[in-house]
Amino acid sequence: MSGITNLAGQKRPFSEDDDSFLNITSESGSEEEEEEEWVPKKVIARKPKKSVAKPVIVKKKVKSEAESTGTKRTSVKRSTIKTAVKKNRKKTPEKTNVDPNVMALSPVLNSNEDKLPSQIKQNLGNMKSTPQQAAMQIKKEMEHCGIKVEQPSTSTHLSEKRIKEEADISFTWEEPALKKQKVENCLDGKPIKLQRGCVEIGDMQMNWNITQVLSERTNTEAWACANLIRLFKEENTIPFIARYRKELTNNMDADTLREVQQTLEELTTVIKKAHTAIQKVAKEEKLTPFLKNTLLNCQTLEEVEHVFAPYKSGSKKTKAQQARQLGLEPAANLLIDCPRELNLNNYIKANVKGLSSVAEIETGIQHILADMMSKDRETLNCIRKLCEQNTVFLQSTLTKTTVKEKDGNKKDTEKFRLYHNFSSSIGNTHHHQILAINRGEKLKILTVKVSIPDRVKNEFCRWCVNERWRPRHFARPEFMKLLKDSAEDSYKRLIYPLLCREFRSRLSSDAEKESIAMFGRNLRQLLLINPVRGRVLMGIDPGFRHGCKVSIISATSQILHTDVIYILGQGAQREAEKIRHLLHKYSCSTIVIGNGTACRETESFFADLINRKYFAPLDVVYCITSEAGASIYSVSPEAAKEMPDLDPNIRSAVSIARRVQDPLAELVKIEPKHIGVGMYQHDVSQTLLKATLDSVVEECVSFVGVDINISSETLMRHVAGLNASRAKNIIEWREKNGPFISREQLKQVKGLGPKTFQQCAGFIRINPENIKNFCNNQQRSYSTAGDQQAAEAGSSSKAGARGGTTGKPSKKKGKTQCTSAQPNPLDQTCIHPESYDTVMRFLSFINGNLSDIGRPAMQNNVNTALKTNLMDALAQRLDTTVPTLQMIIDGLIQPHDYDIRAGFEQQDFKRNIVSLNDLKNGTVLTGRVENATLFGVFVDIGVGRSGLIPIRYITAAKLPASKRRRSLGLGPGERVEVKVLEIDHARNRISLDLIRVL
C-alpha cells in the first residue's frame, strides 16, 4: 500500500462496493454529492424470462429505449465502466488473430482499479467500434439499466438497487489469456487452438482465469491446460487423450490427466457455488456490488462459504449486519476516509439498543470494520502470505471425555496412541497422518487444533492499521485505538477460524487425493500383472468347517471340474489321493490358493505333498493369490449369469484360478474398491474414489486392447467410450450378424455414433484367427440347426416353413461375412483408424507392405528409413505429428500377439514353505509387493505374514531409473529383495529394509 502515502488530501467517501478504496483517488466532494442525489428519470424494467428466447428483439428494444434517455449527463465510476466494457466486448465479433499482449490482460482483477484507464484504452482499441462509439454505448447501457453511481451499500437502498440474475446457468470457455506459446500442428495439420480459460456464468464472468488457476494448481503448462479444457468439454476419455492426443497435452500420462480433470471439476464446482450464492442473495434483495464482486473473486469452496454464510436461510444476522441496520456504516466509512469529520455523539439515540452510548456505537463500528477486513481480498492475501512465512502447526490431543474413560474405549484409543500428543508443522505432516487424525477426530477420540504463531497476529494488525486500513487523514488516538481493536477482532473472530478451515480443508483434500491416487496406482499394477497363459489351473478357496472348494479350469478358462475337499481332518490322506487323481486326469501342474481363512494350513498341506514328490511325475508348483472381493463376486448377478449351475462357494474357487490365468479379465468383474489395494478407503470421498478406480480400470482395459469377437460383455463395457448398453448392443450385433471383420462395422451398431467410434476404435482389436474360429463354431451350430429344422419339416409343413424363414437368411449372411470380406491388418494394431491414410503414405515411403506388419522385414524397413530421416522432418513430410508417427511405427513393428502386460511380473510359484520362526535379523529374502500405502509397502515374503518396508527406507537410489517417480515405483506385483530388520513376535510384525527392485 505504498500508494497511501502519496494521497494528496483528496476526499472520497468509503463505500462497501469498492475493495480498493486506498488505491484510487476520486473527484471532489461536491461532485460526489451531486451523484448521490441524482436519480434517473426513467428506469427500464428487465424483460420477463420468456423473452430471453428472442435475443435480437430484446437488444433492439434496449438500444432504442437507451437512446431516448441518453441525453442525461452523468459521472460514471470506473468499476461501472469496466462492466460496460465487458458487455460491449461480448457483442463484438472475436478476431482470429489476437495479440498475446492483449490477451494477457484477462482476467481483470478488481483490486487493480488504478490500472483500469490503460486497460480500457487497450481493450477499446481491439474493438471494431471507435472509442467515441464505445463511450456512447457504455453511457446508454448504464442509463438503460438505471445504475446509480457511488451509491452507499446500506440496507435502505437494497430493494431499489437489487441485481437480478438469470435463472439458468451456462458455462463457456473462451480463449485464455496466455503468454506466447510454441505452436504445434494437430493431427489434421491445423494449428492447435488454445481455448480461453475464463469461465462465464450466465451474464457474468469470474474475476479469475480458469486456465491460469488450473495451470498453477496442477503445475502444468498453461497451453496444455487450455487444450485439456477443450478436450474434456468435448467428452474425450482419458485413455484416448493419453494415447492419441499427446501433442495437445505435452505427453501427459493418464495419472496427470486424471489430476487435471479432477482439479477442473473442483474449479467448476466453485463457479457453480458462487453463482448459486449470488442468485440466492439477489432473490432476497440483499445483493450489493461489493458482495457480488467478492463472490466472483472466490477460488475455493471455503471462500465462497465464508462470504455466503451470513446470507443463508435460517442463519442469524451477523454483528456487522446488525450494526449496518442501525445506520453505522457511514460512520465506519468516515473513520477510514475522513476521520476529522466523524463525531460519534451525532449517532447517539438513547432509546435504541446499540446506539444508546458512545461505547455501543464504537462496538458497532468495530464490527463493521472487522467484517470489511475479513472479506477484503488484499487483506486475506496478506494474512495468507504471513502464514507462509511462518511455521503453522497441526496439533492433536486426546479429548477430555476419552481421558476420563477407563476401559470402555481403551482398544480404539490405543490405535491412535501416536497422536495422543502430536504436533507437526503443516508442511511436514504426512498424508497418512492427516487421514489418521481425521479418523480419530471423527470417532471423538482426538481433538485437533491449528496453531498459528502470535507474531503473525501482531504483524497482521500492525499492517492493517499502518497500511491497508490506515485513515486518509489525521485521526485522533481514540479512533486509532478503535481501528486497532477492529483489526484484532477481525483476526480473532473471523479471519483465524477461516484460516483454520482453509488449512484443514487443504490438508485433508491433498491427503485424500494422494490416498486415492495410491489406490489407482496399486490397482493398475494389479490389473496389469502378466497373465499365466496356456496352463490348466486348480483353484482352491481354503476353509476349515466347510472344507476347501476346488475348481479346475482349462487353458481357455473353461470349467473342467469342481469339488469340495476336507484336508484338515482325519481323511487328509484320502483327499490327497483324490487331488492326485484330478491333477493327473487334467494334466494340471499349477495350484492357486486363496489367501483367506485356512490359507496357511492349506499351503502347508500342499507343500508337504510336493516335497514328498507325491504328484510325480508331475512337477507341481503352487502360488498364493489375493481373494479380496471373490466372495462378493460369487453372489453377484454377474456370477449367477455366468455360472448359473454352480454353488456360490464354488464360484469363488473358479474366480481365484482365473485371477492368475488372466487377472484383467477377471478383476474387472469386481467393484474396484473391494479388491483391497490401499488404505483409509472409508475415510476418503467415495464419489471421487469410485470415479478414479473406474477410470483406472478403463485405462488398463483400453491400453491392453480387447478382441471384439471373443471378448465378454463385462470386459467390453470398460473400453474407453463404451458402457453397459453399448457393450450389450455389440454382443447382440455379433450374435445376429456374425463376427466383426473390420473396425468400420462398429458404426453399424445401435448407439455407437461418430464420437463413440472415435473414442473406442483404437482400443478394439480384430484377430483373423479368432474370426476363423468364430465362423467354424457358427457353421457347426448352423448345420445342427438345419438338421433339426429338416426333421421338423418332415413331420409338420407349417413348422418347416417357419424353420426355413428363420434359419436360411442368417446362415447365408454368416457365410458371406466369413468367406468374402477380408480383415484389414491395421485393425489388429494399436493404430487409430483416423491415421490409416498416414500409415499408407508411410508404408509407401519405406516400401513396406501391410502383410509385413509385425515381422522382421517391417522392422528393417522402418530402421532404414529412420537412419536417413529425422522424426521431425518425416512427420512434417507425412503431414502429421511426431507422437502420431511414433504410434504408427510402434503399431507396425509390434508382433500380432504383443501384450503390454508382458513387461510386468507373473505370480511367484513355489514348492516349500517358510515359517516366521525360521527368520532372524539380517536375513535377506526375495518377496513380492502385496500392497502399497502412504507410509510404507507391505511385502509377502512367504512366511504367512507380510512384512512392512517403511517409506523412509524406499529411496530413489534403491530404485531403477524408470521407477523414480512420485509413487517411488513400488506397487502390487513388484518383486523386491529385502533384509529383515526387526521381528516383533508379540505383535506378529516384521520390519524390512529395501535392498533393490528385481
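**Ground rules**

I noted that this is a predicted model, where local features need pLDDT of at least 70, side-chain atom pairs count only at pLDDT 80 or more, and totals for chains, interfaces and linings use all residues. Residues are numbered from 1 along each chain as its sequence is written, and side-chain values use heavy atoms, with hydrogens and water left out.

**The whole protein**

I found 38 helices and 18 strands (these are DSSP runs numbered from the N terminus: helices are H or I with at least four residues, strands are E with at least two). The protein has 998 residues, and 48% of them count as buried. I also looked at contacts between residues at least 6 apart in sequence: 71% of these join residues at least 24 apart (contact means heavy atoms within 4.5 Å).

**Helices 7 and 8**

Back to Asn 219: I found it in the loop between helix 7 and helix 8. Its phi is near 60°, which is a positive value in a residue other than glycine.

The axes of helix 7 (residues 210–218) and helix 8 (residues 222–233) come within 9 Å and cross at roughly 115° (axes are lines fitted to C-alpha atoms, for helices over the stretch in contact, and angles run from 0 to 180 degrees between N-to-C directions). From helix 7, Ile 210, Thr 211, Leu 214, Ser 215 and Thr 218 meet Ala 222, Cys 225, Ala 226 and Ile 229 of helix 8. I sorted the residues of this contact into 6 nonpolar, 3 polar and no charged (Ala, Val, Leu, Ile, Met, Phe, Trp, Tyr, Cys and Pro count as nonpolar, Asp, Glu, Lys and Arg as charged, and the others, Gly among them, as polar).

**Helix 13**

In helix 13 (residues 301–308), I listed Glu 303, Val 304, His 306, Val 307 and Phe 308 as buried. These buried residues pack against several helices, including helix 11 (254–283) and helix 22 (477–527).

**Helix 24 and what follows**

How far apart are the end C-alpha atoms of helix 24? They are 18 Å apart, which agrees with the 18 Å that its 13 residues (599–611) should span at 1.5 Å a residue (the expected span is 1.5 Å times one less than the number of residues).

I found Cys 599, Thr 602, Glu 603, Phe 605, Phe 606, Ala 607, Leu 609 and Ile 610 buried in helix 24. Among the elements covering them are helix 23 (572–585), strand 10 (590–594) and strand 11 (621–625). Lys 613 follows helix 24 and has a positive phi, near 55°.

Further along, I came to Pro 617, in the loop between helix 24 and strand 11. A cis peptide bond joins Ala 616 and Pro 617, with omega about 10°.

**Around helix 23**

I picked His 581 in helix 23. His 581 is exposed, with a relative accessible area of 52%. The C-alpha atoms of His 581 and Phe 615 are separated by 9.0 Å, though the two are 34 residues apart along the chain.

My last stop was Ser 587, in the loop between helix 23 and strand 10. Ser 587 is not a glycine, yet its phi is positive, about 50°. At 55% relative accessibility, Ser 587 counts as exposed.

Technical notes: Buried < 20%, exposed > 50% of the residue type's maximum accessible area, 1.4 Å probe, protein only.
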